[in-house]
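Hi,

Here is the structure I promised to pass on. Have a look at it first, and then read my notes below.

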Amino acid sequence: MISLENLGFKQGIIFETLVSTYTKQGHQNIAPMGVIKVNPKKIMIKIYKSSNTYKNIKSKKCAVVNLSSDPALFYKAAIKEANIGNKIVGDLFEKGDLVDAPRLKEAEANIEVSFLSSTDIDSEKTEIILEVKKIKTTSCLPKGYCRAFSATIEAIILATRIKSYLIGNQLQQKQAYEMIKKVRCFKEIIKHTAPKSEYADIISDLIRRIEIWKINK
Ligand SMILES: Cc1cc2nc3c(=O)[nH]c(=O)nc-3n(C[C@H](O)[C@H](O)[C@H](O)COP(=O)(O)O)c2cc1C
C-alpha cells in the first residue's frame, strides 16, 4: 500500500497540492493548498476560513488532495480568471472511491481524506487535520528535472499576490512591482530552457494579464 512517505511527504515540509471538494450543491471546486504531513495517516492544512475549500470540507467532511505536475492545471486552479470557460470541469473529475469529493483523474496521485478536527489560528485562518483514507497513484515514469516547470510554478504563485497588491497600500504596491520583476526573471529562464512550450505559453499569458492588472489598478 502506497504511503505519504512514498509520495515524498516529510514532516515539517509544505507540499503544494490541488485540493478538490464538492460544494453543498455537488459542484466540484479545486484550489492550490499547502499540505503538511503530521504523521503517516494525518495531514494538516492552514486554511483561510473564507475559502470555498474550507466551507466545502466543513460541510462534506472530506476532500481529495491531488498531486499534479501539469502546469496548465495549476495555472487555471491558481489564477481563476485564467480558467476561461471553467475548463477545469466535469470530465477531469470523478467521485472519490471512499469520500464524497471529486478526484482529479489525471493527477499523479489522489489522496482521499476525511475531516478530523480544526483549531483556529486567528479570526481568518484555521488549522485543519485530515485523515488519509486512501491513496491512488498512476504508474507514471520518473520525470527529468525541468527548470521551466519550476519557474512557471513560482511565477504563478507570485501572480496570485500581484493583482491584489497592485491595488493595496503603498508598501504592497512596491512589493507588487518587485514581484513583477521576479516574474520577468522567471520568464527569462523559461525562454532559455523551453522557448516553444506550454510553459512559454503560460508565462506569456500571465505577463499579459499582469499588464492589464497594472492598467486597471
Ligand atoms: C501555491 C499555493 C498554495 C496555497 N496554499 C494555501 C493554503 O495552504 N491555505 C489557504 O487557505 N490558501 C492557500 N492558497 C490560496 C488559495 O488557493 C486561494 O485563496 C484560492 O482562491 C482558494 O480557492 P477556493 O475559494 O476555491 O477554495 C494557496 C495558493 C497557492 C498559489
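Where is the place of Lys61? Lys61 is in the loop between H1 and strand S4 (62–67); helices (H or I, at least four residues) and strands (E, at least two) are DSSP runs, numbered from the N terminus.

Before you go further, keep in mind that this is a predicted model, where local features need pLDDT of at least 70, side-chain atom pairs count only at pLDDT 80 or more, and totals for chains, interfaces and linings use all residues. Residues are numbered from 1 along each chain as its sequence is written, and side-chain values use heavy atoms, with hydrogens and water left out.

Back to Lys61: its phi is positive, about 65 degrees, although Lys61 is not a glycine. Lys61 counts as partly exposed because its relative accessibility is 42% (buried means under 20% relative accessible area, exposed over 50%, partly exposed in between, with a 1.4 Å probe and protein chains only).

Now the ligand. It is surrounded by 16 residues, and the closest are Pro32, Lys46, Tyr48, Thr53 and Lys80 (a residue is near a molecule if one of its heavy atoms lies within 4 Å of it). By type, the shell splits into seven nonpolar, six polar and three charged residues (Ala, Val, Leu, Ile, Met, Phe, Trp, Tyr, Cys and Pro count as nonpolar, Asp, Glu, Lys and Arg as charged, and the others, Gly among them, as polar).

One lies 2.8 Å from a backbone N or O atom of Tyr48, and a backbone N or O atom of Asn52 is 2.9 Å from an oxygen atom of the ligand. In Lys80, a side-chain N or O atom is 2.8 Å from a ligand oxygen. The elements that give two or more residues to the shell are strand S2 (28–39), strand S3 (42–48), helix H1 (52–60) and helix H3 (147–166). S2 gives the largest share, five residues.

- Arg103 is in strand S6 (residues 102–104). Arg103 counts as buried because its relative accessible area is 10%. Its side chain makes a polar contact of 2.5 Å with the side chain of Asn110 (a pair of N or O atoms within 3.5 Å; within protein, one must be able to donate a hydrogen and the other to accept it, and residues adjacent in sequence count only if both atoms are side-chain atoms).
- Leu116 is in strand S7 (residues 109–120) and is partly exposed, at 39% relative accessibility. The C-alpha atoms of Leu116 and Ile128 are 7.5 Å apart, with the two residues twelve apart along the chain.

Cheers
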